[in-house]
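Subject: Structure for your review

Dear colleague,

Please find the structure below, together with its sequence.

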Amino acid sequence: MQGKRGRPRNMVTQNSILTASYDLLLESGFGAVTVEKIADLAKVSKATIYKWWPNKAAVVMDGFLSAAAARLPVPDTGSVYKDMLEHATNMARFMTSREGSIFLEIIGEGQVDSALADAFRTRYIQPRRLEVRGVLDKGLRRGELKKNLDIALCTDLIYGPIFYRLLVSGDPVDDNYVKQLVTHVFEGII
């Protein structure tokens, strides 16, 4: 959330706007959300929203990111395998929930809205990849993983198949699948 110059944001108003945008997103989907509907639900003017966000996509993205961050904490069990299994399982559970379906809608909308796609990659995907990098770096420092591990490739090996099933094949993504996936990847990296 990058505000424009001027007075700092009122956090109560900001949270009201973010909550309203997220609630509308869950209720109606990305395409049906409008700045006017967000303003009405948040009980603010459209001008307030446009003062803080350049467009609907930006405010909806921030509402989504605010809610999603709380649902996907980074585990720290002391075991890189357990941490990755927990992180990937939580992410898969989130992605297959109603809230996660919003994530898939945003990806779909990003196919025709390059600004939304760029914002999503920059503000959601890249920070999640950094979280995974942190987990794998800890495993490297503790000697749990091969020293020459390509962390970016390892991240793709674990999360890529999950997204493939969600976005392409439609095959189930359940806890058992994620455990098999993480276990197979770890057979090659420990």
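In what follows, a residue is called buried when its relative accessible area is under 20%, exposed when that value is over 50%, and partly exposed in between. Please note that this is a predicted model.

Salt bridges

A search of the whole structure finds 8 salt bridges, and three of those pairs are described here. The side chains of Arg129 and Asp156 meet in one of them, with an N to O distance of 2.8 Å. Because Arg129 belongs to helix α7 and Asp156 to helix α8 (residues 151-169), this pair ties together parts that are 27 residues apart in sequence. Arg129 has a relative accessible area of 32%, which lies between the two limits, so Arg129 counts as partly exposed. Asp156, at 39% relative accessibility, is likewise partly exposed.

Helix α7 (residues 114-141) also holds both members of another pair, Asp118 and Arg121, which are 3 residues apart, or about one turn of the helix. The closest N and O atoms of this salt bridge are 3.2 Å apart. Asp118 is partly exposed, with a relative accessible area of 43%, and Arg121 is partly exposed at 45%.

A further salt bridge joins Glu105 to Arg98, where the closest N and O atoms are 3.8 Å apart.

Nonpolar core

In soluble globular proteins, nonpolar side chains tend to be buried together. In this model, the largest nonpolar core has 58 residues. The residues with the most contacts inside that core are Ile38, Phe64, Met84, Tyr124, Ile158 and Val178. Setting aside neighbours within four places in sequence, Ile158 is in contact with Met84, Ala88, Leu181, Val182, Val185 and Phe186.

Helix α2

After α2 comes Lys43, which has a positive phi, near 60°.

With kind regards

Definitions and conventions. Residues are numbered from 1 along each chain as its sequence is written. This is a predicted model: local features need pLDDT of at least 70, side-chain atom pairs count only at pLDDT 80 or more; totals for chains, interfaces and linings use all residues. Side-chain values use heavy atoms; hydrogens and water are left out. A nonpolar core is a set of buried Ala, Val, Leu, Ile, Met, Phe, Trp, Tyr and Cys residues joined through side-chain atoms within 4.5 Å. Buried means under 20% relative accessible area, exposed over 50%, partly exposed in between (1.4 Å probe, protein chains only). Contact means heavy atoms within 4.5 Å. A salt bridge is a side-chain nitrogen of Lys or Arg within 4 Å of a carboxyl oxygen of Asp or Glu. Helices (H or I, at least four residues) and strands (E, at least two) are DSSP runs, numbered from the N terminus.
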